[in-house]
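Subject: Handover of a structure

Hello,

Here is the structure I promised to pass on. Please open it first, then read my notes below.

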Amino acid sequence: MVTKVIPIRMSGSRAAAPAFAGGPLADTRARPMRDLRISVTDRCNFRCTYCMPREVFDSSYKFLPHEAILSFEEIARLARIFVGLGVEKIRLTGGEPLVRRDVHRLVSMLHDLNVEITLTTNGSLLAKQAQALARAGLNRVTVSLDSLDDATFRAMNDADFPVAKVIEGIDAASAAGLDPIKINMVVKRGVNDQGILAMAERWRGTGHIVRFIEFMDVGSTNGWRMDDVVPSAEVVRRISERWKVEPVGANYAGEVAERWRYVDGGGEIGVISSVTQAFCATCNRMRLSTEGSLYTCLFAQSGFDLKSLLRGGASDDEMRNEIAAVWQKREDRYSEVRTAETAKAKKVEMSYIGG
Ligand code: SAM
């Protein structure tokens with residue numbers, strides 16, 4: 001059934017529109033929709049213990065069948081509609097986006113929307129694909145790397161994957177012009193937090209930006225406990241004891257990472273503090289799952305089925321109205337109201353919804 005919505009005036013054209021005609025689309029807390037994350041696959045070649053624990057995502061786990069996942073053509077059509085509603089940045093993620101065949105083809109399809117296209121990857125297949133992605137129009141890449149210590153990294157990715165190969169991927173991305181590269185380290189107390197300084201030191205002076213992420217209670221399978229979280233304030237304190245750092249203003253409204261720079265000119269780092277300093281108030285992200293459901297929060301319990309509309313023959317205008325209605329009704333602020341109890345709630349997995 002089609003939801004009743006406040007109608008939106010259309011441009012009537014399929015060309016990329018800067019925003020929808022009625023002014024910025026806002027949710028119930030006056031947050032605009034600017035950032036679209038698209039999960040292109042729910043599969044991953046890693047089994048990071050905090051994200052896709054092997055006990056759950058084992059050989060009997062039922063990943064989505066091919067026919068259930070959106071095709072590149074379907075994704076591109078939806079992306080164009082989102083851009084018409086004000087989205088300025090698209091991030092491809094997953095799962096591991098580079099395990100989906102020919103992702104560069106999707107990038108080139110999104111390229112003519114004239115918005116920033118980025119991709120988050122574990123880096124394992126980046127050395128092979130960086131050039132093709134850059135040529136297709138990818139603007140930047142974020143690479144996840146939780147430790148420089150090979151044994152720690154292999155244990156955390158639980159796929160016995162070596163650090164050196166990820167660094168090869170980062171170097172290849174840099175050579176392909178995908179700079180500055182953001183390097184994401186999820187910090188878990190007692191697991192990899194002893195490597196914070198080594199990570200900062202390795203990338204100081206390279207122009208790449210390490211971002212230290214607080215371990216979050218996404219999904220329902222990662223066994224999250226507050227005791228495992230290393231607050232960003234502690235990360236900054238530990239780094240500042242070695243190199244003096246000072247805060248830097250956000251690049252744009254709604255930026256997730258809080259930025260810091262080395263006073264000696266060694267570049268900058270970021271901290272992402274979803275747990276200790278919720279940034280729901282400025283969250284402008286919409287997520288499109290691998291099978292075409294819309295999620296207005298990373299910690300959501302359910303989504304809006306856009307694929308049925310898409311495959312049921314809905315016009316662009318109908319889908320635009322549905323998407324707008326989902327955003328206009330949005331109330332989410334999970335990280336502001338998180339408790340030990342909410343953390344136990346059944347939430348959609350990050351590998352499915354897109355990190
Ligand atoms: N496979 C890609 C990758 O490894 O970057 C993209 C998907 S992954 C889900 C996106 C990001 O989410 C990664 O940087 C990952 O470390 C982070 N992540 C996953 N689970 C997390 C958690 N529980 N808390 C914080 N970050 C998490």
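Start with Asp-102. At 37% relative accessibility it counts as partly exposed, a class that runs between buried (under 20% relative accessible area) and exposed (over 50%), with a 1.4 Å probe and protein chains only. Asp-102 lies in the loop between strand 2 and helix 2 (103-111). Its phi is near 60°, a positive value in a residue other than glycine.

Some ground rules. This is a predicted model, so local features need pLDDT of at least 70 and side-chain atom pairs count only at pLDDT 80 or more, while totals for chains, interfaces and linings use all residues. Residues are numbered from 1 along each chain as its sequence is written, and side-chain values use heavy atoms, with hydrogens and water left out. Helices (H or I, at least four residues) and strands (E, at least two) are DSSP runs, numbered from the N terminus.

Other backbone points

Asn-114 also has a positive phi, about 60°, although it is not a glycine. It lies in the loop between helix 2 and strand 3 (116-121). At 70% relative accessibility, Asn-114 counts as exposed.

The peptide bond from Asp-179 to Pro-180 is cis, with omega near -15°. Look for Pro-180 in the loop between helix 5 (163-175) and strand 5 (182-187).

Twelve strands make an open sheet with mixed pairing, in the order 7-8-9-6-5-4-3-2-1-10-11-12. Two strands pair if DSSP finds at least two bridges between them. Strand 7 (245-248) and strand 12 stand at the edges with a single partner strand each, so one side of each has no neighbour in the sheet.

Strand 1 (residues 35-39) is mostly covered, with five of its five residues buried. In a regular strand the side chains alternate between the two faces of the sheet. Here both faces are covered: Asp-35, Arg-37 and Ser-39 are buried on one side, Leu-36 and Ile-38 on the other. Strand 1 pairs with strand 2 (residues 89-93) in the parallel sense, over five bridges. Arg-37 stands opposite Arg-91 in strand 2.

Strand 11 and strand 12 pair in the antiparallel sense over two bridges. Leu-294 stands opposite Phe-304 in strand 12.

Arg-261 lies in strand 8 (residues 258-262). It is partly exposed, with a relative accessible area of 38%. Its C-alpha atom is separated by 6.6 Å from that of Val-248, 13 residues apart along the chain.

Aromatic rings

Rings of Phe, Tyr and Trp (its six-membered ring) pair if their centres lie within 6.5 Å; planes under 30 degrees apart count as stacked, over 60 as edge-to-face and the rest as tilted. By this rule there are nine aromatic pairs. Phe-299 and Tyr-334 have ring centres 4.5 Å apart and planes at 20°, so they are stacked. Phe-299 lies in the loop between strand 11 (293-295) and strand 12 (304-305), and Tyr-334 in the loop between helix 9 (316-328) and helix 10 (340-343), so the pair ties together parts 35 residues apart in sequence. Both residues are buried.

Phe-46, Phe-153 and Phe-161 form one aromatic cluster.

Charges also meet rings. A charge sits over a ring if NZ of Lys or CZ of Arg is within 6 Å of the ring centre and within 35 degrees of the ring normal. Arg-338 lies over the face of Phe-299, at 5.1 Å from the ring centre. The charged end of Lys-188 sits over the ring of Phe-215, 4.8 Å from its centre.

The largest pocket

A pocket is an open set of points on a 1 Å grid over the protein atoms alone, with protein on both sides within 12 Å along at least five of seven lines; a cavity is a set where a 1.4 Å probe fits but cannot get out, and lining residues have an atom within 4 Å of a point. Points are joined across faces, edges and corners, and a volume is the space filled by probe spheres set on them. The largest pocket holds about 230 Å³. Of its 13 lining residues, Arg-34, Glu-88, Tyr-252, Ala-253 and Asn-284 lie nearest its centre.

Best wishes
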